Amino acid sequence: MRLIFAGTPEPAVPALRKLIEHPGHEVVAVLTRPDARVGRGRSRKPSPVKAVAVEHGIEVIEPETLADDGARARLAELAPDCIPVVAYGNLVPKDLLDLPVHGWVNLHFSVLPAWRGAAPVQAAIAAGDEITGASTFRIEEGLDTGPVFGTVTEAIKPADTADDLLTRLAHSGAELLAATMDGLEAGRLRPEPQSADGVSHAPKITSADARIDWSMPGHLIDRRIRAHTPAPGAWTMLGDDRIKVGPVTPAEIDGELGEGRIRVEKKRVLVGAGGGTAVELGRVQPPGKRMMDAVDWARGARPDEGTMV
């Protein structure tokens, strides 16, 4: 099939590479977000998907929005059979949804209808789900509501961060997306409507969402920190300092330790959590410094009289 691949960030790259290498399909163009300004110099950097397209000599279309007349005209000229989508990051106008013969087929990193929305991997970890996965579905006007072509499942490991889990799903999802393209071309695949039961939502995460609430029990703090690692990064305040916190470990403690109170021991740094629980800090990042081992940080910062809030 003639394909235009729509995607932007790193998790979309395995799917693009899989389709480029597939002998039965031709990726005639890539649709991606425009180069982003990064770093102190605010220089422009291409998306990971664009970088792969350039590497393979594939045409790149990168409008600010799909209301752009030039981009719309070019999509029509290319006459794709299908537009597979992985984390593209732009809304698709209704009239463009009918442009390809087989529509726009999205790879979403959850088992739909669970965790519709922008942050399904993070939501699954924060909720304590044991199983998640990926789904391919036909995009329609609703948010991740379209009929499903196929799914794969993935166990969530106890120490998984969002990055760990998304990396695995990006690769298993790439296989699923390629299989979906094969099934559509062969005419043997029909999408099934999503169930009305089990619907949940995973809205876009902000930095404010990643602030640690020390009144929560330790096991919930552990989940939420892993869900926000590496981005946007869990954080807390210690006095006037904003401290970034890496994954923690729920810990057994002797005696009481108030919520957010810090206890520095010889080989570990503890913080009190809700319900009389505590967590052991792993790595922290003080203002203006790199991530470091919590024990090393405590030796210099002497935070044991403080309270994280």
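**Figure 1. Lining of the largest pocket in the predicted model.** By class, the residues that line the largest pocket are 19 nonpolar, 8 polar and 6 charged, where Ala, Val, Leu, Ile, Met, Phe, Trp, Tyr, Cys and Pro count as nonpolar, Asp, Glu, Lys and Arg as charged, and the others, Gly among them, as polar. The pocket holds about 1,100 Å³ of space, and of its 33 lining residues Ala87, Tyr88, Gly89, Gly117 and Ala118 are the closest to its centre. At least two residues of the lining come from each of strand 6 (83–86), helix 4 (94–97), strand 7 and helix 5; helices (H or I, at least four residues) and strands (E, at least two) are DSSP runs numbered from the N terminus. Cavities and pockets are found on a 1 Å grid over the protein atoms alone: a cavity is a set of points where a 1.4 Å probe fits but cannot get out, a pocket is an open set with protein on both sides within 12 Å along at least five of seven lines, and lining residues have an atom within 4 Å of a point. Grid points are joined across faces, edges and corners, and a volume is the space filled by probe spheres set on the points.

This is a predicted model, in which local features need pLDDT of at least 70 and side-chain atom pairs count only at pLDDT 80 or more, while totals for chains, interfaces and linings use all residues. Residues are numbered from 1 along each chain as its sequence is written, and side-chain values use heavy atoms, with hydrogens and water left out.

**Figure 2. The second largest pocket.** This pocket has a volume of about 310 Å³, and of the 14 residues that line it, Ala119, Gln122, Ile205, Ala231 and Pro232 are the closest to its centre. Helix 6 provides the largest share of the lining, with 3 residues, and the lining as a whole divides into 10 nonpolar, 2 polar and 2 charged residues.

**Figure 3. Ser110 and Pro113 in an annotated binding site.** The UniProt annotation "binding site", from an unreviewed entry, covers Ser110, Val111, Leu112 and Pro113; UniProt positions are given in the numbering used here, feature names are shortened, and annotations may be inferred rather than shown by experiment. Ser110 is placed in the loop between strand 7 and helix 5, and Pro113 is likewise placed in the loop between strand 7 and helix 5. Ser110 counts as buried because its relative accessibility is 1%, and Pro113 is buried with a relative accessible area of 10%; buried means under 20% relative accessible area, exposed over 50%, and partly exposed in between (1.4 Å probe, protein chains only). Leaving aside neighbours within four places in sequence, Ser110 is in contact (heavy atoms within 4.5 Å) with Trp115, Pro120, Thr132, Gly133, Ala134 and Ser135. Under the sequence limit of four places, Pro113 touches Gln194, Ser195, Asp197, Gly198, Val199 and Ser200.

Figure 4. Leaving aside neighbours within four places in sequence, the contacts of Phe5 include Ala15, Leu19, Val30, Val86 and Leu177. In helix 1, Val13, Pro14, Ala15, Leu16 and Leu19 are buried, and the buried residues of this helix pack against strand 1, strand 2, helix 2, strand 6 and helix 6.

**Figure 5. Surroundings of Leu169.** Leu169 lies in helix 6 and is buried, with a relative accessible area of 0%. Not counting residues up to four places away in sequence, Leu169 touches Phe109, Val121, Thr132, Gly133, Ala134, Glu154 and Ala174.

Figure 6. The UniProt annotation "domain: Formyl transferase C-terminal", from an unreviewed entry, covers residues 204–301, a span that is 18% helix and 28% strand, with its end C-alpha atoms 34 Å apart. The largest cavity, of about 50 Å³, is lined by Asp209, Ala210, Arg211, Ile212, Asp213, Ile221, Arg224, Ile225, His228 and Ala234. By class, this lining has 5 nonpolar, 1 polar and 4 charged residues.
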